[in-house]
Amino acid sequence: MDFNFTLQQEKFREELREFLTAEVPVEKQEIFGLLTEEQYQFGREINLKLAERKWLAVGWPEEHGGGGKGPIEQGILAEDMGYWRVPKSGSIGLGIVGPAIMVFGTQDQKDQYLPAIAKGEVEYCQGFSEPNVGSDLGSLELRAERDGDEYVLNGSKMFTSYAYHANYMYLLARTDPQAQKHRGISLFIADLKTSGISLTPLPYINGEMAAQTIFDNVRLPLSCLIGEENRGWYHAMTTLDYERSGLWRYANVRRVFDDFVEFCNGSSPDGGQPLAEHPLVRHQLAQRRLGMETWKLLCWNVAWMQSSGAVPNSEASVAFLYGSEERLRFAEMAMEVLGPYATLRNGSPMAPLLGNIEGIHREAMHLHGAGTTEIHRNIIAQRGLGMPR
Amino acid sequence: MDFGLTEQEEILRHSAREFLEAECPTSLVRQAEESGEGHARELWRKIAGLGWLGISLPEQFGGTGGSLTDQTVLFEEIGRALTPGPLLTSSVLAAQIVLIAGNDDQKTALIPGVISGEVILTLARGDRLETASRDGGLTLSGDSLFVPYAGLATNIICATRPAIRAWPDTTLVLVDPKAAGVTMTSMESIANYPQFLVDFDDVPLPDDSVLGQTAEGMQALDLAVRRATVAQCAETLGRAQKVLEMVVEYAGHRVAFGRPIGTFQAVQHRCADLRVAVDGGRMLTYQAAWKLDQGLTADDEVSMAKAQAGMLSRLATEAGHSIFAGISFTVEHDMQLYSARAKISEANLGDTEYHLDRLAAQMGS
């Protein structure tokens, strides 16, 4: 057992923190539940600067524009970026699309897509869910029909985060409706400028603008297919297990938790005794401190497994499930402790912590991304514990 | 960063599991419980022969000199098998006090015996234990509750309240349980766990009784308690892991409504939640062990591990009795052995609330 980073990893973390301290002043840091266009663009700029130092894709091989390090360094980056509350961008390309192309892509696809991701120049969105398809993703309906040198796509994708900033969509489509459901799906990358793709705005409760993405006779060249036709389900599921540490999400919440503890130690929104002097509050803070530590370790366990060459599967679900529920426990606890002040949004002069608690409570309703909590429990039980289906 | 076990630790885990599966079946656990001693002498002798009682004690006294991580691996297996006997009390908690506070003579007199299993140490604590100087020597008076394995102990370490001005520090003294003025009464605990009320009625102490300096024992006591707390967490973890395996196995073949109950999500999700808690407990426990091995105080880490262990215990008990259902309500079924010991471990060395309080104090609040 070793819970330390190597000296080189420590040095990387120090350099990264110097960079973040200099480049990300507090007033530029993201506030939960309030993602402005300006903040998103600021996040993109930071990514470009990280890429100049080969830090953005620090865990990728150098041949694809990465830093040539590993999952631990990628985890350090995620944890610190999350803690500094740098508005998030580029994560789907870096975490999901890039690794998939490295494994299943042709050389041409690697050359075309990977360096641009590593440089922070492109944004991806993900096209998995559909209006009628969520947890049972294998039943997806968006059709891709082969027509000569092209695939023709018809249907729609739902809950497209980053749609309005993305250049490409990484998507699953049905290529063989006759086959057993998981065996008739293929993986594509679609340029969102392609004619026939349109977006319908879908505002989220966390302040983010997502979309429903409509495909109306969208023609994609064959070179947009990633991996083998009709093997897309298996390709996608394999690569979903790559970037699953969840350290960014953990650190994002941890920062607000730490701020909240400091707030409770020194003050009370109504000017009375510091909140932390109340025994019930102290107790709740300690419980969440324990929860945060557990969450952190479960995330690092995933990163460590990756660094040792293992492919985390149920372990990633353990970390993700724990994180979704711990974030909600913290949000509920902080809302309760702040009483009516917790209902004040960012912008209200009396809102504690710039409204971050109210914002994180809305963010915590995100109990479904990358699988609902129920789906993660199914994965842990069936794949992790080998329980019967 | 490396959360895996070394090859040697894997071997230790494997051989400990194999040994205990063969030598410590639940029939033996039940015998030890029914005897009222909470001890299995033949097993104790074999365990000592394997060197387990000296796993983290120095080689110069006959120990293995292993790390706290080794000890954690071992105690996971000890918990898993519900191993009876004062392993934690004597070979970890009390032995560490002697090792940290004692002088060379005291260590030489006691530690080799702890390792061979012939010496059994226990610890008596409490506000009502007082040492006082009289006729040039020390005497001990007062009583202490919840003293584990006092009935088997060859020596009792008493953490006593020294002269009033030195409070809240403590004077650690070695007491012969057979000395005149020492009486003990079994406290009648869950699963016959041997806890005693020990009364000391003006017990004169020999000159070499004090471990370390008078009124300077707190530091040694704290450090030993921290190490023992990690072992207690490991024991809890091993037991919870075993309960998880038992319920998953049972749910795989117990049929209801025409299908194995393990196919029902209500059952699967209970198991998944226990798995999450087991994984969390493992990370927290090994982190605490590792930090102590690095010579760090690890106050927060130990408290977090122990607070979580209490919650893990409760979850395992609930999952076990809920999935095994009716049959686990019978004395004949083994689940009750796990849930009874879970409660003892939870209360031992500070429960969840106690450790959350400590944690809160560290958070500046």
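Over all chains, the structure holds 43 salt bridges. The model is a predicted one, and the values below are computed from its atoms. Side chains of opposite charge can pair when their charged atoms come close. One such pair lies within chain A, where the side chains of A:Arg329 and A:Glu326 form a salt bridge with an N to O distance of 3.0 Å. These two residues, A:Arg329 and A:Glu326, are 3 residues apart in helix α9 of chain A, so about one helical turn separates them. Another pair links the chains: A:Glu315 and B:Arg275 meet through their side chains in a salt bridge at 4.0 Å, N to O.

That second pair leads to the contact between the two chains. Across the interface of chain A and chain B, the rule finds 3 salt bridges. Residue pairs in polar contact between chain A and chain B number 15, counting pairs with both residues at pLDDT 80 or more. On the side of chain A that touches chain B, the elements giving two or more residues are α7 (247-266), α8 (279-307), α9 (314-338) and α11 (373-384) of chain A. Of these, α8(A) provides the largest share of that side, with 14 residues.

The size of an interface is often given as the accessible area lost when the parts come together. For chain A and chain B, the buried area is about 4,000 Å², and carbon and sulfur atoms give 68% of it. On the chain A side, A:Met1, A:Phe3 and A:Leu290 supply 21% of the area buried against chain B, which is more than any other three residues. In terms of residues in contact, 40 of chain A meet 43 of chain B.

Each chain is also divided into domains. In chain A the domain assignment gives domain 1 (7-89), domain 2 (124-234) and domain 3 (244-384). The centres of domain 1 and domain 2 of chain A, taken over C-alpha atoms, are separated by 29 Å. Contact between this pair involves 8 residues of domain 1 of chain A and 4 residues of domain 2 of chain A. Between them, domain 1 and domain 2 of chain A bury about 490 Å², with 51% of that on carbon and sulfur atoms. The residues of domain 1 of chain A that lose the most area to domain 2 of chain A are A:Gly33, A:Leu35 and A:Tyr40, together 63% of what that side buries. Across the interface of these two domains of chain A the rule finds 0 salt bridges, and there is 1 residue pair in polar contact, with both residues at pLDDT 80 or more.

Chain B is divided into domain 1 (7-116), domain 2 (121-216) and domain 3 (219-362). Here the pair to consider is domain 2 and domain 3 of chain B, whose centres, taken over C-alpha atoms, are 31 Å apart. In this pair, 8 residues of domain 2 of chain B are in contact with 8 residues of domain 3 of chain B. The area buried between domain 2 and domain 3 of chain B is about 680 Å², and carbon and sulfur atoms give 78% of it. On the domain 2 side, B:Arg125, B:Ile190 and B:Tyr193 supply 53% of the area buried against domain 3 of chain B, more than any other three residues.

Two sheets of chain B remain to be described. One is an open sheet of 4 strands in the order β2-β3-β7-β6 (chain B), with antiparallel pairing. Strands β2 (130-134) and β6 (182-186) of chain B stand at its edges with a single partner strand each, so one side of each has no neighbour in the sheet. On average, neighbouring strands of this sheet are turned by 5 degrees against each other, direction ignored. Within the sheet, strand β3 (residues 137-148) and strand β7 (residues 195-205) of chain B run antiparallel and are joined by 8 bridges. B:Gly142, for example, has B:Phe200 in β7(B) as its bridge partner.

The other sheet is also open, with 4 strands in the order β1-β4-β5-β8 (chain B), and its pairing is mixed. Its edge strands, β1 (121-124) and β8 (210-211) of chain B, each pair on one side only. Strand β1(B) runs parallel to strand β4 (residues 155-160) of chain B, and 4 bridges join them. In β4(B), B:Ile156 is the bridge partner of B:Thr122.

Definitions and conventions:
Residues are numbered from 1 along each chain as its sequence is written. Chains are lettered from A and ligands numbered from 1 in the order in which they are written. This is a predicted model: local features need pLDDT of at least 70, side-chain atom pairs count only at pLDDT 80 or more; totals for chains, interfaces and linings use all residues. Side-chain values use heavy atoms; hydrogens and water are left out. Two strands pair if DSSP finds at least two bridges between them. Axes are lines fitted to C-alpha atoms, for helices over the stretch in contact, and angles run from 0 to 180 degrees between N-to-C directions. Domain bounds come from an automatic or database domain assignment. Contact means heavy atoms within 4.5 Å. Buried area is the accessible area (1.4 Å probe) that two parts lose on being put together, summed over both. A polar contact is a pair of N or O atoms within 3.5 Å; within protein, one must be able to donate a hydrogen and the other to accept it, and residues adjacent in sequence count only if both atoms are side-chain atoms.
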